[in-house]
Amino acid sequence: HAILLSFTGHPEIFPLIFTTKTQEIFNCRIGEDVTEKNCFKLIKKEDIIQDLKTAAISDFHPVKKVVLEYPGEELLVVFDAKFQYGQNFYLVASEEAKENILKPPETAEEKEEEKEENREEALEVQPYKPPVQKPWVSLGSEREVEEESVKETAPKIKYMVSRVQRRFGAPLTLTDRNASHVGDSYVECTPYQDKTFIIKVLENDVGVQIVPKVREASTQTKWTYPKNAATQYFPRQLSSEEKEESLSSKKLKDFLTSVHLRMEIALQQNEIMNPFFDDWKALAEDESSSDGKPDVYLKAYQSFTDLHYLKNKTISCVCWHPTIHGIIAVSAREQLSYEEQVNLSDKSLLQQPVIVFWSFSDPVHPQLMLECPQDIYCFQFRPSDPNIIAGGCVNGQVVLWDISEHEEMLQNAKTVADGIQPSLMQVQQSSREPPLVRHCAISSIQYSHKKPVTDIHWQPDCSEDHQMDATLENKAEICMQLVTCSPDGSILFWDIPATKLPQPPSSGKTKVKESLYMPPDVPDTSKHLDFCWKPLIKINLCESDINREYSPTRISLRELHYRYKTSEKMQPLNILQLLAKGSPYTEMNISSSKNLKVLESISTDFFIGTEDGEIVYSDWKVEMDSDSAKPVSQKHTQEYIIHTGTINTLQRSPFFKDTILSIGGRNFAIWKEGIMNGPILQSSCSTGRNTAGHWSLTRPGVFFIGRDDGNIDIWDLMKKTYEPCHIQNISKSAISFISPWIGSPMQHFLAVSDDLGVLHVLEICQTLIYPLIHELANVLDYFEREARYLK
Amino acid sequence: GIPVRTTLDNSTTVQYAGLLRELTRKARSAVRDIDPQNDLTFLRIRSKKHEILVAPDKDYLLIVIQNP
């Protein structure tokens with residue numbers, strides 16, 4: 001035990017077991033003499049020695065040696081209640097340790113008491129005591145250090161190597177040697193791939209932790225909030241006094257004097273030269289006209305035909321609807337010669353003749369059909385009211401239709417065409433039969449023509465100016481609005497009632513020679529105008545002396561209201577006022593008494609083209625010859641036989657009101673009113689017959705002629721006057737009618753109908769639409785030149 | 001500018017006066033920028049429908065509108 005303790009660092013402490021007997025001997029009985037607190041016992045050395053000698057086995061035996069060597073007299077034995085050193089008692093072997101054990105607890109207690117006293121007196125101030133140097137007390141650590149330190153165990157061997165003495169200082173010979181030549185003159189440590197490190201790590205367990213980066217930031221902005229702000233202002237104006245003052249100020253006068261000269265110069269310049277002349281445009285046009293050969297063509301746009309109604313028929317007349325875009329009406333008649341027509345007893349075989357309305361939107365199904373009592377030779381839309389259509393029949397009657405109910409449908413037909421896909425509705429519509437409109441008025445057979453009506457024209461309405469004329473008893477204006485002519489030698493002027501048809505005509509009132517047309521304001525009981533409609537004026541074209549009858553096929557009248565002036569207090573132009581009574585030429589129908597005044601400013605001349613190819617220029621105004629009291633016409637009729645066949649076109653130019661184009665037979669001619677010698681231009685006879693023709697609506701020098709072989713000849717008077725500038729074939733059969741129309745500023749159409757019942761609509765190319773610069777003036781020049789040659 | 005004497009109606013006059021005042025000012029400054037010795041004597045604006053003639057001065061402006 002004692003040896004053990006010496007290694008644990010307490011060499012002077014020897015644990016002992018004291019038996020009870022020993023305890024009694026040395027008065028250290030546990031519980032009585034020695035307690036926990038009072039655990040020190042001093043035992044004399046001599047007593048211990050005695051004990052050792054006497055007892056066979058003493059408790060002090062293990063420490064016998066220590067006891068004997070102990071210098072002091074008393075040994076300390078400490079009761080170890082807690083078995084701190086392994087036994088219940090321990091012996092302290094040295095004096096010093098004894099002292100330490102006995103005393104330190106006292107001093108510690110003393111110190112604690114002192115400290116408590118000190119704390120009560122002064123808490124903060126603790127005088128700084130530098131650490132007192134104490135001798136180092138070995139606690140056994142130097143042994144550990146000694147063991148761990150590395151010492152050389154083996155003595156070092158010394159070697160001394162030196163060269164042999166004689167070799168020192170000997171002359172040297174040095175040579176070069178290339179290191180790479182000799183193999184082992186150097187040792188290389190070549191790198192090599194260590195196999196241990198080749199293995200690629202394919203999988204590596206790596207721990208990853210994600211931490212979101214969070215960053216705090218803050219800003220402060222100045223928030224400007226929107227605010228409504230409005231200002232109301234009115235322009236500054238000077239008051240009237242200020243204006244007066246400034247007007248009369250000297251400064252203004254000086255200013256005006258200085259400035260007015262400049263302004264005058266500028267204005268004069270403007271007067272001299274037209275400042276609004278566009279040089280660019282003029283330049284472009286010149287270039288295009290001087291170009292080689294611009295393309296002239298008629299592009300096929302659409303063609304319309306109907307197998308049911310128009311089979312085996314020829315189209316006699318084609319008319320565009322004046323207001324609705326894309327609506328065109330076509331009238332067809334049987335292609336029978338006269339004998340066949342007369343001999344045809346069974347009229348029921350003939351199909352009901354119709355006027356068919358086509359729309360661009362639907363080339364297969366007609367939009368509207370007008371029922372005709374007979375074959376229609378010609379028809380026209382009324383220009384002032386496109387819902388009224390007048391047509392002339394093959395038996396000489398004149399028929400009127402009113403399509404006001406269907407106007408909306410026709411207009412919708414156009415709008416549907418604008419859509420891209422035909423809706424189901426439209427398909428359904430087109431599958432239906434087109435509505436059939438019955439005529440609303442037909443003239444009486446007695447008083448109509450005896451032969452087919454070949455030409456029909458609407459005259460512009462005269463104004464319904466009631467307030468101007470107070471002298472007229474008859475309030476309603478009687479205006480002649482419809483002119484018809486027929487090869488039976490008569491020209492008829494018809495009137496349409498002012499209000500909408502059907503208009504109740506009055507029963508006969510006063511009658512002068514022929515039966516009357518009733519003024520519309522007289523009420524009547526009959527409902528329809530059917531068969532009661534009579535012409536107003538009938539002109540027989542027969543010379544009293546020559547006794548020759550003309551059979552006009554075409555008529556061209558000047559517009560009868562050409563020189564109407566509203567400023568002067570003239571009576572409204574009533575044609576009845578012009579004609580005297582009882583002339584062999586004219587048979588008038590007048591109702592009640594009227595002031596008949598001859599107005600000389602009206603032009604009453606007209607051109608007619610006859611069946612035989614004559615052009616007759618005459619007038620139908622007659623005057624009373626003062627001598628013989630017989631009406632004599634003022635002007636003589638002029639007749640010209642130029643054409644070889646029936647005149648089929650007699651038309652005034654839309655640009656020059658006195659220039660007329662006549663087409664018939666194998667040639668055509670251009671006439672100027674006033675020139676009595678002959679036509680100003682006459683074409684040579686061509687191989688085929690000309691069957692139709694029309695002036696161009698936009699270019700003054702261009703007109704179209706249709707031939708019997710299906711060609712269209714386009715004549716341009718500015719280019720060539722001896723042959724057409726362009727020929728284009730449209731159909732296989734003869735062309736029966738040509739009608740141009742302006743669809744839009746960019747798109748002009750030409751409707752061409754042929755003898756097979758097909759209507760071709762062609763688009764006119766740009767060169768034929770836009771007039772050349774100065775074309776009007778040039779064409780006028782040309783006509784005047786030609787006229788001068790004739791004189 | 002403020003109109004002093006006019007033959008048109010008031011609103012048109014005021015509009016013309018205001019707009020053309022600015023325009024002449026700009027035109028004058030353009031001319032003088034190019035050559036400081038120069039000055040604007042007359043301004044003519046030709047448009048499709050009218051021609052506007054402007055004669056500027058130190059204090060006053062004379063504006064003429066001409067139709068073809």
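**View 1. Confidence across the two chains of the predicted model.** Chain B has a mean pLDDT of 88, with 99% of its residues at 70 or more. Chain A has a mean pLDDT of 70, and 70% of its residues reach 70 or more.

View 2. Among the elements of chain A, strand β20 (residues 586-588) has the lowest mean pLDDT, 39. Strand β31 (residues 702-707) of chain A has the highest, 88. Where pLDDT is low, the predicted coordinates should not be read in detail.

**View 3. The contact between chain A and chain B.** Chain B gives 27 residues to the contact, and chain A gives 23 residues. Which residues of chain B lose the most area to chain A? They are B:Ile2, B:Val4 and B:Tyr60. Together these three account for 28% of what the chain B side buries. The two chains bury about 2100 Å² between them. Of that area, 67% is on carbon and sulfur atoms.

**View 4. The second largest pocket.** Its volume is about 770 Å³. The lining has 24 residues. Nearest the centre of the pocket lie B:Val4, B:Arg5, B:Leu61, B:Leu62 and B:Ile63. Elements of both chains contribute: α9 (250-272) of chain A, and α1 (10-34) and β3 (61-66) of chain B, each supply at least two residues of the lining. The largest share, five residues, comes from β3(B). What kinds of residues make up the lining? They divide into 17 nonpolar, four polar and three charged.

**View 5. A four-stranded open sheet in chain A.** The strands run in the order β10-β11-β12-β14, with antiparallel pairing. β10 (376-381) and β14 (441-442) of chain A stand at the edges. Each has a single partner strand, so one side of each is left without a neighbour in the sheet. β10(A) pairs with β11 (residues 388-393) of chain A in the antiparallel sense, over five bridges. In this part of the sheet, A:Ile376 has A:Cys393 in β11(A) as its bridge partner.

**View 6. A five-stranded open sheet in chain A.** Here the order is β6-β7-β8-β9-β13, and the pairing is mixed. Why do β6 and β13 of chain A each have one side without a neighbour in the sheet? β6 (313-320) and β13 (436-437) of chain A stand at the edges, each with a single partner strand, so one side of each is left without a neighbour. Strand β9 (residues 368-371) of chain A pairs with β13(A) in the parallel sense, over two bridges. A:Met369 stands opposite A:Leu436 in β13(A).

Conventions: Residues are numbered from 1 along each chain as its sequence is written. Chains are lettered from A and ligands numbered from 1 in the order in which they are written. This is a predicted model: local features need pLDDT of at least 70, side-chain atom pairs count only at pLDDT 80 or more; totals for chains, interfaces and linings use all residues. Side-chain values use heavy atoms; hydrogens and water are left out. pLDDT is the predictor's confidence in each residue, from 0 to 100. Two strands pair if DSSP finds at least two bridges between them. On a 1 Å grid over the protein atoms alone, a cavity is a set of points where a 1.4 Å probe fits but cannot get out, and a pocket is an open set with protein on both sides within 12 Å along at least five of seven lines; lining residues have an atom within 4 Å of a point. Grid points are joined across faces, edges and corners, and a volume is the space filled by probe spheres set on the points. Ala, Val, Leu, Ile, Met, Phe, Trp, Tyr, Cys and Pro count as nonpolar, Asp, Glu, Lys and Arg as charged, and the others, Gly among them, as polar. Contact means heavy atoms within 4.5 Å. Buried area is the accessible area (1.4 Å probe) that two parts lose on being put together, summed over both.
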